[in-house]
Amino acid sequence: MDLDPFFEERLRVHRRYLFDQALGSVRSRLSALWPFAKGPAPVMGMGGGGAGAASTAAHKPKGDGAAAPGTTTAPVGPRARARARHRKAALAWDRRELHNVGMAGPRIRTTEHVVEVPGHPAVRVRVYHPDPEPAPPHGVPGVLSLFGGAFRIGGIGYPTTDAAHRRRALDAGAAVAAVDYALAPEYPYPVAIEQAYAALEWLFASAGELGIDSRRIGVAGTSAGANLAAAVTLVNRDRARLPLRLQVLEVPVVDLTGRHLDLRATRALGIPRFIALRELRSVARTYLPDPAVARHAYASPLLAASHEGLPPAVILTAEYDPLRGDGDAYGAALRRAGVDASVVRYQGVTHDTPIFGGTLPAARRWHDDVVSALRRLHA
């Protein structure tokens, strides 16, 4: 199916961004090699958006880049300062997107919590309460939610992320516990996974006081956040076996070796293979302390030796997104292991489709389908 006309100008801007990034990297390398340089080589910023950013129709890094509770936020060194600038610009970009093409979230009750994580920084969790009338006697369903942003940009304070959590909590009648996990490269793998799992344990332990039914809890995530959500289901199966009822994975990246990327999607957008691969590989390099770690099951959930015993899955992918291959392969792996899993591909749209609810019909349908999946927790 042809790309939706909504993305035409965004695609032009995104292609230009990727080419500029690639050219800037080449210039930086040449400057470093030039023997007559007058000063230190320029340092490049961390670059683009989510793990599937090479397929998005505009450069869209996600998150507000907030540090984990109790950690310093002062950038040190040129690379850290470049990341800080990039995250600040990303937050401003997201604010404009919500205003121009997004859909604001409703006013609902939220509560803030800090969860201790053994051996790692504590993590902030914001719970969005739907407050239904009348409230169910045992509480409402709960969903642990993990934002996207290539592991290196993101945060629960991002306007589009906050709006989505509000809308989903209200429409699904479920409490959404959004995890503000620490970002890479400052906090590489497996810090975010351990924080997310600690938040899951906390959610079960605190369900009663939060008004949540501990028998009806699921996990959800988008892009890099979907990687973390899938990893959390594996960690939970291998450790406590808390009774997770559902996993909702949107445009997931579940194989950081890159073997399941479907670059036909980026080729259809006029993005050369080498530029797409450069962008996508940079995500894994930022997140993983060593490239070999990409083969670990918790880094790449698709590569787990077994997927038996995982919760039912609803996976959403986009036609013009190289991560569609990851989503397809993960759904197939889950089904082979006897897990109830469905994969839905949205035609004519890109990786960041859900944020365009104010303008794009497919984005509104995406929201409705996520809500329908979350409402399965009421059964």
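**Figure 1. Buried residues of helix α3 in the predicted model.** In α3, the buried residues are Pro159, Thr160, Thr161, Asp162, Ala163, His165, Arg166, Arg167, Arg168, Ala169 and Ala172. The structure shown is a predicted model. Because eleven of the 14 residues of α3 are buried, the helix is largely enclosed by the rest of the structure. The helix covers residues 159-172, and at 1.5 Å a residue it should span 20 Å; its end C-alpha atoms are 20 Å apart, in agreement with that expectation. Gly173, which has a positive phi near 65°, follows α3.

**Figure 2. The largest cavity and its lining.** The structure holds two cavities of 30 Å³ or more, and the largest cavity contains about 390 Å³ of space. A total of 29 residues line the largest cavity, and Thr160, Thr161, Ala164, Arg168 and Thr222 are the closest to its centre. Two or more lining residues come from each of β3 (140-146), α3, β5 (212-222), β6 (244-250) and α10 (361-374). Helix α3 gives the most to this lining, with seven residues. Rolling a probe the size of a water molecule over the atoms shows where empty space is left.

Figure 3. Val248 belongs to strand β6 and, at 1% relative accessibility, counts as buried. Leaving aside neighbours within four places in sequence, Val248 is in contact with Val219, Ala220, Gly221, Val314, Ala373 and Leu374. Across the protein, residues 24 or more positions apart account for 80% of the contacts with a separation of 6 or more.

Figure 4. The largest nonpolar core has 72 residues, of which Leu200, Leu256, Tyr287, Leu288 and Tyr330 touch the most other members. Helix α4 (residues 191-205) supplies the largest share of this core, ten residues. A second, separate core of 38 residues includes Leu3, Val143, Leu280 and Val349. Tyr330, apart from neighbours within four places in sequence, is in contact with Ala230, Gln247, Leu249, Val254, Pro301, Leu302, His307, Leu310 and Ile315. Helix α4 is mostly covered, with 13 of its 15 residues buried. At 1.5 Å a residue, α4 should span 21 Å, and its end C-alpha atoms are 21 Å apart, which agrees. In soluble globular proteins, nonpolar side chains tend to be buried together.

Figure 5. Most residues other than glycine have a negative phi, and most peptide bonds are trans. A cis peptide bond, with omega about 5°, joins Ala184 and Pro185; Pro185 is placed in the loop between β4 (175-180) and α4. Tyr189 and Pro190 are also joined by a cis peptide bond, with omega about 5°, and Pro190 lies in the loop between β4 and α4. Ser223, a residue other than glycine, has a positive phi near 60°. Ser223 is found in the loop between β5 and α6 (224-238) and is buried, with a relative accessible area of 1%. Val251 has a positive phi near 35° and sits in the loop between β6 and α7 (264-268). At 1% relative accessibility, Val251 counts as buried.

Key. Residues are numbered from 1 along each chain as its sequence is written. This is a predicted model: local features need pLDDT of at least 70, side-chain atom pairs count only at pLDDT 80 or more; totals for chains, interfaces and linings use all residues. Side-chain values use heavy atoms; hydrogens and water are left out. Helices (H or I, at least four residues) and strands (E, at least two) are DSSP runs, numbered from the N terminus. The expected span of a helix is 1.5 Å times one less than its number of residues. Buried means under 20% relative accessible area, exposed over 50%, partly exposed in between (1.4 Å probe, protein chains only). Contact means heavy atoms within 4.5 Å. A nonpolar core is a set of buried Ala, Val, Leu, Ile, Met, Phe, Trp, Tyr and Cys residues joined through side-chain atoms within 4.5 Å. On a 1 Å grid over the protein atoms alone, a cavity is a set of points where a 1.4 Å probe fits but cannot get out, and a pocket is an open set with protein on both sides within 12 Å along at least five of seven lines; lining residues have an atom within 4 Å of a point. Grid points are joined across faces, edges and corners, and a volume is the space filled by probe spheres set on the points.
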